[in-house]
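Visitor: Hi! Could you walk me through this one, starting with how the pieces are named?

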Amino acid sequence: MKVPADRLYTKTHEWIRIEGDKGMVGITDFAQDNLTDVTFVELPEVGRRVQARDQVCVIESVKAAADIYSPVAGTISAVNTELESHPELINSDPYGKGWIFELALEQPAATEGLLSAEEYGALLTEK
Amino acid sequence: MAPSLQKSEHAAAVDRPVYLQVIYPEPQPYRRFLPFMERLAAARAADQVTDTILLLEHEPVITCGLKTRAEDFLLDPEEIRNRGIAVERTSRGGGPTYHGPGQLILYPIVRLSTSPLARDGLLAALEEIARRTAADFGIRAFRRPGMPGIWTERGKLAAVGYRIRRDVSFHGLSFNVDCDLKPFSYINPCGLAGEKVTSVAAESAAPPSLEEVQHCMLAHLDSMLGRVPQSATPAQLEEILGRRPVNG
């Protein structure tokens, strides 16, 4: 299971890559693997203010659906509209072209409670 | 007072993680069961209860997963209700399906990050449980590429659909043992037009009882989980949830 080191993770299988005052959010390889073939992504509304752990959207697959949560507080500043016509990007490239939304972070970005790649990887192997 | 839970005899004194196993003796009405299952999933997410497997039958119902379209109904929902079958919206992914007496339901309310069922994906795990259970009764069942569920040459034997909230799964697997297959013809099951459904009874000369199938299914589940089942009655599960208030 791929877990890139250049970002932070939630226990509910989102990742966030923070650069300056922006954070890019998507779901992990483990999450897309458990969803199977994604068919629809309900993109959140740009401008919506969210708290950490708020439910932001739902991703549907052929046989499953998963609720997606915001890793940190912020305002949704962009969404990946490419997913409207290519929801399968979530499966093929969950850490890249399958990103879901971007947050304008509240300063300073509160990242307590988020996991490093190492910690997230350990969470998945403790079975 | 914590309800006293009985550990299965064969599993006693084995130092492995446990899971809670709850078997419902009577078919459950979907409309009442869904909010209960959602409450259980929220309690699991809050660590107020351990991983729990529910085994049950439903009273006759057609449930509409999130992907259900109006054209998946081949008979007017009102007419379906007139025939004694409830029609309910639900929170799982996928299209419409039928549940009723004689169909075995397995709902895994488990934390995915720590469950062996999610190691290679929950869909594959539930399909494998169904495939192995069918094999116990001499039925050659298989996966079909791009067509989730478990199939025989005659049609679909088992269907899978679930939801994931806060790392916890709910909904799950339905396995046709000896149920009325006619209601499947009122819909495009799982959104698939023209695909047939089958059951263990339709596949075998001497159909087994639901209890026998349940027994085999649980054995496969346990071997895939590598965990010790701890039996609780439906009332004990209610008590566990009742004494611990659920957040949100």
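Guide: Happy to: helices (H or I, at least four residues) and strands (E, at least two) are DSSP runs numbered from the N terminus. Residues are numbered from 1 along each chain as its sequence is written, while chains are lettered from A and ligands numbered from 1 in the order written. This is a predicted model, in which local features need pLDDT of at least 70, side-chain atom pairs count only at pLDDT 80 or more, and totals for chains, interfaces and linings use all residues; side-chain values use heavy atoms, with hydrogens and water left out.

Visitor: Great. Let's begin in chain A: where is A:Arg7 found?

Guide: A:Arg7 sits in the segment before strand E1 of chain A.

Visitor: Is that arginine, A:Arg7, buried or exposed?

Guide: A:Arg7 is buried, at 7% relative accessibility. The classes are buried under 20% relative accessible area, exposed over 50%, and partly exposed in between (1.4 Å probe, protein chains only).

Visitor: And which residues does A:Arg7 touch?

Guide: Leaving out residues up to four places away in sequence, A:Arg7 touches A:Trp15, A:Ile16, A:Arg17, A:Tyr95 and A:Ala117. Contact means heavy atoms within 4.5 Å. A:Ser116 is 109 residues from A:Arg7 along the chain, yet their C-alpha atoms are separated by 7.2 Å.

Visitor: What about A:Pro4, where is that found?

Guide: A:Pro4 is also in the segment before strand E1 (8–9) of chain A. With a relative accessible area of 22%, A:Pro4 is partly exposed. Beyond four places in sequence, its contacts are A:Tyr9, A:Tyr95 and A:Ala117.

Visitor: How many residues separate A:Pro4 and A:Lys97 in sequence?

Guide: They are 93 residues apart in sequence, and 14 Å apart in space from C-alpha to C-alpha.

Visitor: Now over to chain B. What is phi at B:His171?

Guide: Phi of B:His171 is near 65°, again a positive value in a residue other than glycine. This histidine, B:His171, lies in strand E11 (residues 168–176) of chain B. B:His171 counts as buried, at 1% relative accessibility.

Visitor: I always check cysteines. How many disulfides are there over all chains?

Guide: The search of the whole structure finds 0, where a disulfide is a pair of cysteine sulfur atoms within 2.5 Å.

Visitor: Helices next. At what angle do H3(B) and H5(B) pack?

Guide: Helix H3 (residues 122–136) of chain B packs with H5(B) at about 135°, their axes 9 Å apart. That makes H3(B) oblique to H5(B). Axes are lines fitted to C-alpha atoms, for helices over the stretch in contact, and angles run from 0 to 180 degrees between N-to-C directions. Under 35 degrees is roughly parallel, over 145 roughly antiparallel, 65 to 115 roughly perpendicular, and the rest oblique.

Visitor: Which residues meet there, between H3(B) and H5(B)?

Guide: On the H3(B) side they include B:Ala125, B:Ile129 and B:Arg132, and on the H5(B) side B:Val213, B:Met217 and B:His220 are among them.

Visitor: Where does B:Asp222 have its place?

Guide: B:Asp222 is in helix H5 (residues 210–225) of chain B, and it is buried, with a relative accessible area of 15%. Beyond four places in sequence, B:Asp222 touches B:Tyr19, B:Gln21, B:Arg227 and B:Pro229.

Visitor: Last one: how far apart are the axes of H1(B) and H6(B)?

Guide: The axes of helix H1 (residues 30–45) and helix H6 (residues 234–243), both of chain B, are 11 Å apart, and the two pack at about 55°. H1(B) and H6(B) are therefore oblique to each other. B:Phe36, B:Arg39, B:Leu40 and B:Ala43 in H1(B) meet B:Leu237, B:Glu238 and B:Leu241 in H6(B).
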